[in-house]
Amino acid sequence: MAENEKWGTRIGFVLAAIGSAIGLGNIWRFPYQVYNSGGGAFLIPYFAALIIAGIPVLILELGLGGETGKTTPLAIREKLRESEFIGWWAVLNGWLVNMYYAVIVGWSVVFVGFSLTLAWQGTELSNFFMNNFLNSWLPVVGVILVWILQYFIMKAGIKEGLEKANKIFVPAIWVIVILLVLRGITLDGAIQGLNYYLTPDFGALTNAEIWINAFGQIYFTLSVALGIMITYASYLPEKSDITNNAFIIALANCGFAFLVGFAIFPIMVAGGIEPTSGIGLAFMALPKAFEFLPFSNVFASLFFVLLTMAGLSSSISLAEAQIGPIREKLTLKRSKTVSYVIAISLIGSLIIALEGPLGLFGDNPLSLLTILDTSSATYTLPIIAFGEALIFGWVYGIDKIRTYVNSVSDYTMGTWFNYFLKIVVPIALGYSILSKTVTRPG
Ligand code: PHE
Ligand code: NA
């Protein structure tokens, strides 16, 4: 297998980056956040966060990977020798995220099976998932399947593995979400659902917390600060466009999240289920809401296939964020690195999935998952993004990045980019780190 391989096509790279960005968060967090944070009015802070804080960091990461042709830690090292450790910190943090993220993808796989017969029918909303499912061995089976599948994708390499997988996953999740939207908006009561979702409450915009949440959410949803985008961009052919790609990735990601609400809200409201988010939405509320639909098993299966594919395309990007750097640093063969990284990830995931059936840490089968999610996604991720913006904005000299990016891109960025990265991003991140209400996937 060729080492130092590249993406086969530009569209292959863009699809893989979109596949990474669109994940569980787009499906189970964003629509609820809109509903809960001022309805349609929330789109204002959200797009503000996207443009002034999200896209600049995305461009920075794509620019770093594209210019150096190196994955996260070595790309950073090439620019600032002493800062390599920030890259490794991102690698490690992404690894921890993937250990529990893959467990959730494993649940989704099992729920595709449950959907065929609507296995939860007649049970109580949370009981089926929290007690029956999480305390069984099925989550263990699910996550083993996920890692076996990932092993084959990752081993096949960038072009034959990641690119091909995303060429299936990404178009498929768009088709499925469109089918679910069509189902949602043709329901009786669809209007009521959409009113729930989108009726703007502009008064909410005076609430600082809503702005903080928007800024906090943007990094997780764009898959930055875990070394993914730097790594993915390092596999681009030399002198590939950066800014156009960044805008396409960001808009596709946010457009997808927006669309999901058009499916979920009408179905929840018509099914008489209180809107909620996170694990509770995907594995408790929605399965119940599907019950009342004609052909409920078809729609439920579609939903869990969507969750599985959106999750897998993000999970493989997270795995590559360790595989690429470790292989590069230790000059290992890809196949060997894949085996080591996946073996360690699998062990981590198994401990998390075994918590329920073995009763490891008391009654709550999700305690480990919750701790990891809070520490790595809610706290550490924004701190890394903050560090990245500070060292590149102030120490390295952001204008050098901008000059490179402009030299290869159709769209050239003005000096606004420098100010956003040097000033707006650190302030927004610093503020949200301090107020501790930054993003989480659930
Ligand atoms: N962006 C993905 C989501 O919204 C999650 C993710 C975050 C994936 C970070 C990889 C890295 O769910
Ligand atoms: Na994804």
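Reader: How are the donor residues of the sodium ion (ligand 2) spaced in sequence?

Author: This is a predicted model, where local features need pLDDT of at least 70 and side-chain atom pairs count only at pLDDT 80 or more, while totals for chains, interfaces and linings use all residues. Residues are numbered from 1 along each chain as written, chains are lettered from A and ligands numbered from 1 in written order, and side-chain values use heavy atoms, without hydrogens or water. Along the sequence, the donor residues follow G-x2-I-x287-A-x2-S-S.

Reader: Which atoms coordinate the sodium ion (ligand 2)?

Author: Donors are N, O or S atoms within 2.8 Å of a metal, or 3.2 Å for Na, K and Ca. Here they sit at 2.0 to 3.0 Å. They are Gly 19 (O), Ile 22 (O), Ala 310 (O), Ser 313 (OG), Ser 314 (N) and Ser 314 (OG).

Reader: Why are Ala 310 and Ser 313 separated by about one helical turn?

Author: Both belong to helix α15, residues 296-330 (a DSSP run of H or I, at least four residues).

Reader: Are Ala 310 and Ser 313 buried or exposed?

Author: Exposed would need over 50% relative accessible area, buried under 20% (1.4 Å probe, protein chains only). Ala 310 and Ser 313 are both buried.

Reader: Which residues lie nearest the centre of the largest cavity?

Author: A cavity is a set of points on a 1 Å grid where a 1.4 Å probe fits but cannot get out; lining residues have an atom within 4 Å of a point. The largest cavity has 19 lining residues. Elements giving two or more of them are α1 (10-21), α2 (24-28), α6 (84-117), α11 (208-221) and α15. Nearest the centre are Ser 20, Tyr 101, Phe 220, Ser 223 and Ser 314.

Note on methods:
1 Å grid on protein atoms, 1.4 Å probe; cavity = no way out; pocket = protein on both sides within 12 Å on 5 of 7 lines; lining within 4 Å.
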